[in-house]
Amino acid sequence: MLRWILGGREAQGSVEKNPVLFIGEEQPKNWFTELQVLKGHFDIVRFLVQIDDFRFASAGDDGLVLVWNVETGERLLELRGHSQQITAMTAYTHTSGENTHTSLITASSDRTLSVSLHTHTHTDTYNPVVVFPECCGSCLLVLERLCVWVSGGNELCVWNRDFQLQCQSQHHDDTGISATVELPKNCIAAAMDKEIVIFRLTMSTGSQLSVAEVRRLSDHQDSIHALININDGLFASGSHVGELILWDAVDWTIMAYEHILWEESQTDTQAEIRLAAPKPSEMSIQQLTSDGELMVAAVGSGLYVYSVITKSVVAYRKTAHDSNVLHTMLLPDGGLMSCSEDGSVRIWEMQDLLLPAEPASAGFFGMWTFGRSNKQVGPPVKKVLELPSLRTLELTGDLIGHSGAVQMFVSFGEKGLVTCSTDHLLIAWKNRERESHLRSLALFRKLEENGGL
């Protein structure tokens, strides 16, 4: 297909490539057959945020926020509000009277928060950048129901829709907040190193907000790298050593605990399964994503799909990329997409597992247990665990265009997909047939306006 037309592809580290994962030029199920390179950043691009049906913003280590039109690839705005790299970005849309406003909120390692206010009109207009000094933020969260947004750094700060600080938590340690999710009953879960801290927002008389810590969940044994909402009743967290915990979102109890361990088959005739000694990076859960029913865990260079309804593994692939998976997304057609440090973006389809290409055992995504009573890993498993409902992830698309690690992507449905990378570029991936049809329509309209040929 598209083979590193923007630069030579180099392996990330001394990784031996798996030839099974290369599907060649013919990819009939992959409709991303046209790309458009978007240039504007001069350092690593780490964040993409969708603003509306056709606009998105990009940000990264150069401190810039660029606003783009995904249909045309046009750069609409360039926002300068930070002197150092941007560590988080989100969009906050709210309605005031008859007007709808969208604000881009960014946090930076320069210990500032920046807000750029955008009014939905026929032209893009932004108010001057508002900077809040001395607010170190590594994560941002919008609570639309309460009309507030939250920044997480050494403290949890709560801001109203007019960007005024309402309240903040009080901490007496140096552990910073790395991720936050909204919970029922005006609560927020915040990941702080190995712990999840539960905060509650309270509205007092006079509409004054206050925030207080109500619980600390200390069930992880290592740093928490991923924290997501599953649905109204569940949220999940994943750690550096492969611990995946499913939590009740109301009473904050453990619904399921799994320690993901790599296992490899021996070369003897019995093909026994033994516990390997995995590297920390191979076990680390870098990212979690969910559609409310399924959950995908990016674990090292592998992918695992888990059903929170049946509490069972749906599909998995131990080696999905040549290096760590950084971002994933579940697709409407039942497949999923992933991107990696190896510079690729891959599309996967869940298919029935006819032959056990990869043995599954109780070592990873095996038995989900309640509480902490069964956390200790037992002896090596001698027999392959039979999972009749298990499916396999088959590679159906391989998007090759970036010459550096692909940090994340955002989907605009039929309009295409946008990826960002350490190579300072963004790429808009599109359907060539659709784009050709749109170009033909535009040409015909132009001819009609000019009175024909």
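The following questions and answers go through a predicted model of one protein chain.

Residues are numbered from 1 along each chain as its sequence is written. Because the model is predicted, local features need pLDDT of at least 70 and side-chain atom pairs count only at pLDDT 80 or more, while totals for chains, interfaces and linings use all residues; side-chain values use heavy atoms, with hydrogens and water left out.

Student: What is the mean pLDDT of the protein chain?

Tutor: pLDDT is the predictor's confidence in each residue, from 0 to 100. In this chain 78% of the residues reach 70 or more. Residues 1-17 stay under 50, and over residues 264-277 the pLDDT is below 50. The mean pLDDT of the chain is 81.

Student: How many helices and strands are there in the protein chain?

Tutor: Both are DSSP runs, numbered from the N terminus: helices are H or I with at least four residues, strands are E with at least two. By that rule the protein chain has 2 helices and 35 strands.

Student: What percentage of the residues of the protein chain count as buried?

Tutor: Buried means under 20% relative accessible area, exposed means over 50%, and partly exposed lies in between (1.4 Å probe, protein chains only). The protein chain has 453 residues, and the share that counts as buried is 51%.

Student: Are the planes of Trp 149 and Phe 163 stacked or tilted?

Tutor: Rings of Phe, Tyr and Trp (its six-membered ring) pair if their centres lie within 6.5 Å; planes under 30 degrees apart count as stacked, over 60 as edge-to-face and the rest as tilted. The structure holds 7 aromatic pairs. In the pair of Trp 149 and Phe 163 the centres are 6.5 Å apart and the planes stand at 55°, so the pair is tilted.

Student: Which parts of the chain does the pair of Trp 149 and Phe 163 tie together?

Tutor: Both Trp 149 and Phe 163 are buried. The parts are 14 residues apart in sequence: strand S12 (residues 148-152), which holds Trp 149, and the loop between strand S13 (156-160) and strand S14 (165-168), which holds Phe 163.

Student: What is the angle between the planes of Tyr 304 and Tyr 316?

Tutor: Tyr 304 lies in strand S27 (residues 302-307) and Tyr 316 in strand S28 (residues 312-317), 12 residues apart. Tyr 304 is buried at a relative accessible area of 0%, and Tyr 316 is buried at 6%. Their aromatic pair is stacked, with 6.0 Å centre to centre and an angle between the planes of 5°.

Student: Which residue in the turn between S33 and S34 has a positive phi?

Tutor: Strand S33 (residues 406-411) has 5 of its 6 residues buried. Two strands pair if DSSP finds at least two bridges between them, and S33 pairs with strand S34 (residues 417-421) in the antiparallel sense over 5 bridges. Ser 411 stands opposite Leu 417 in S34. The two strands form a hairpin with 5 residues between them, and the residue in the turn with a positive phi, about 65°, is Gly 413.

Student: Which cysteine has the sulfur nearest to that of Cys 420?

Tutor: A disulfide is a pair of cysteine sulfur atoms within 2.5 Å, and the structure holds 0 disulfides. Cys 420 counts as buried because its relative accessibility is 0%. The nearest cysteine sulfur is 7.7 Å away from Cys 420 and belongs to Cys 339.

Terms used
Contact = heavy atoms within 4.5 Å.
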